[in-house]
Amino acid sequence: MKTLWHNCHAASMANGSYSIIENAAIVTEGAHIAWIGPHSELPDQGDIRAFDLSGAWVTPGLIDCHTHTVFGGNRSGEFEQRLQGVSYADIAAAGGGIASTVRATRAATEEQLYASAERGLQHLLKDGVTTVEIKSGYGLDLASERKILRVIRQLGEKLPVTVRSTCLAAHALPPEYKDRADDYIAHICSEMLPALAAENLVDAVDAFCEYLAFSPEQVEQVFITAGQLGLPVKLHAEQLSSLHGSSLAARYQALSADHLEFMTEDDAIAMAASGTVAVLLPGAFYFLRETQLPPMDALRKHGVKIAIATDLNPGTSPGLSLRLMLNMACTLFRMTPEEALAGATLHAATALGMADTHGSLEVGKVADFVAWNIERPADLAYWLGGDLDKRVVRHGVESTF
Ligand code: DI6
Ligand code: FE
């Protein structure tokens with residue numbers, strides 16, 4: 001069954017870059033886009049069901065390509081401590097930080113984790129997100145990581161959103177392995193990843209490469225195992241210091257390297273060569289009051305694709321709006337609204353290995369799009385959050401919230 005969506009303009013992102021069609025029409029057939037172009041060129045569709053979009057701007061459904069949505073508790077107390085001058089690293093060294101969320105997550109039931117994650121995810125969906133990546137990483141043992149990954153799968157089954165699941169078992173050192181990081185990495189590689197992959201709970205593998213987490217050598221072991229299991233990799237790299245994790249990620253053809261404030265130009269050259277997407281997370285930059293900016297000039301000069309995501313997590317980015325992150329990417333990182341929007345659609349799809357099916361409005365792609373009641377596409381990065389007037393279409397069908 002075909003449907004015509006008309007009386008609209010489209011920020012289509014066609015052919016791999018920001019692009020627009022004024023006075024556009026879109027024809028969907030089932031879950032896919034069958035035709036898109038200027039309305040004046042629309043071939044006769046006969047008697048077709050039609051929806052008038054009242055002059056809206058249509059964008060691809062937003063894609064949040066980096067979140068940690070499933071966790072127990074929250075860390076607003078640490079937020080207050082940091083406002084008093086205690087650093088993120090100091091809090092982590094004193095047993096807080098990720099470790100405190102691990103305790104709360106281990107103590108929570110699958111049902112409790114589902115309920116709180118669903119609440120968080122609803123905020124993103126109301127903001128126009130139709131695809132989201134969610135990482136584990138607050139369990140850090142087989143049973144607890146499995147519990148989180150099962151919740152991630154359930155979210156994708158029950159909510160109107162496409163969910164990609166990433167195993168981030170190498171997020172932090174669990175207390176059982178204190179001073180034995182190599183042993184924990186060996187456990188991840190020999191037990192955890194093979195078991196979780198066999199249960200079809202994992203779409204990609206991530207790690208935290210940082211002086212307060214895992215070394216490049218340890219991350220490499222995780223990448224080798226992921227490769228043996230046929231899983232793509234991603235990496236938290238260069239967030240707090242420069243260990244050249246992003247170059248390592250590029251060597252392993254990673255889908256993305258994320259954060260990147262401390263990356264060098266050589267890292268950017270390596271990422272450009274491997275097509276590894278730079279996922280920038282302005283919410284974490286802002287919330288940690290970071291001052292080291294990601295090297296925007298080097299990323300642009302070498303043609304690295306740049307995505308923007310919320311990093312939704314309880315410690316460094318309790319960010320419930322992807323559009324707010326577009327604003328922050330512009331105000332803090334000096335991206336243009338066009339770059340930011342491409343970063344939350346087109347390049348976010350590439351960062352998830354989904355560029356063939358998602359991220360732009362093109363014939364054959366999945367019909368996930370948002371019709372925004374706005375004057376110009378830049379308005380999406382202009383308003384600071386808020387529930388903008390919009391219609392969300394997923395798999396060719398209008399979603400209601
Ligand atoms: N970097 C981050 O910003 C999050 N994880 C990571 O590797 C923070 C996670 C947390 O503090 O709970
Ligand atoms: Fe993260």
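This is a predicted model: local features need pLDDT of at least 70, side-chain atom pairs count only at pLDDT 80 or more; totals for chains, interfaces and linings use all residues.
Residues are numbered from 1 along each chain as its sequence is written, chains are lettered from A and ligands numbered from 1 in the order in which they are written, and side-chain values use heavy atoms, with hydrogens and water left out.

The protein donors of the iron ion (ligand 2) are H66 (NE2), H68 (NE2), H236 (NE2) and D311 (OD), at 2.1 to 2.3 Å from the ion; a donor here is an N, O or S atom within 2.8 Å of the metal (3.2 Å for Na, K and Ca), and since water is not among the atoms, sites may look incomplete. The 4 donor atoms subtend angles of 82 to 169 degrees, which makes the arrangement irregular, because four donors count as tetrahedral if all angles lie between 85 and 135 degrees, four count as square planar and six as octahedral if opposite donors are over 155 degrees apart and all others between 65 and 115, and anything else is irregular. H236 sits in strand 9 (residues 234-237) and D311 in the loop between strand 12 (306-308) and helix 12 (322-333), 75 residues apart, so that this pair links distant parts of the chain; helices (H or I, at least four residues) and strands (E, at least two) are DSSP runs numbered from the N terminus. Both H236 and D311 are buried, meaning under 20% relative accessible area, with exposed over 50% and partly exposed in between (1.4 Å probe, protein chains only).

Turning to the rings, the structure holds 9 aromatic pairs, where rings of Phe, Tyr and Trp (its six-membered ring) pair if their centres lie within 6.5 Å, planes under 30 degrees apart being stacked, over 60 edge-to-face and the rest tilted. One of them, F71 with Y138, is edge-to-face, at 6.4 Å centre to centre and 75 degrees between the planes, and F71 and Y138 are both buried. W5, F51 and F369 form one aromatic cluster.

As for the whole chain, there are 15 helices and 15 strands, and 59% of the 401 residues count as buried.
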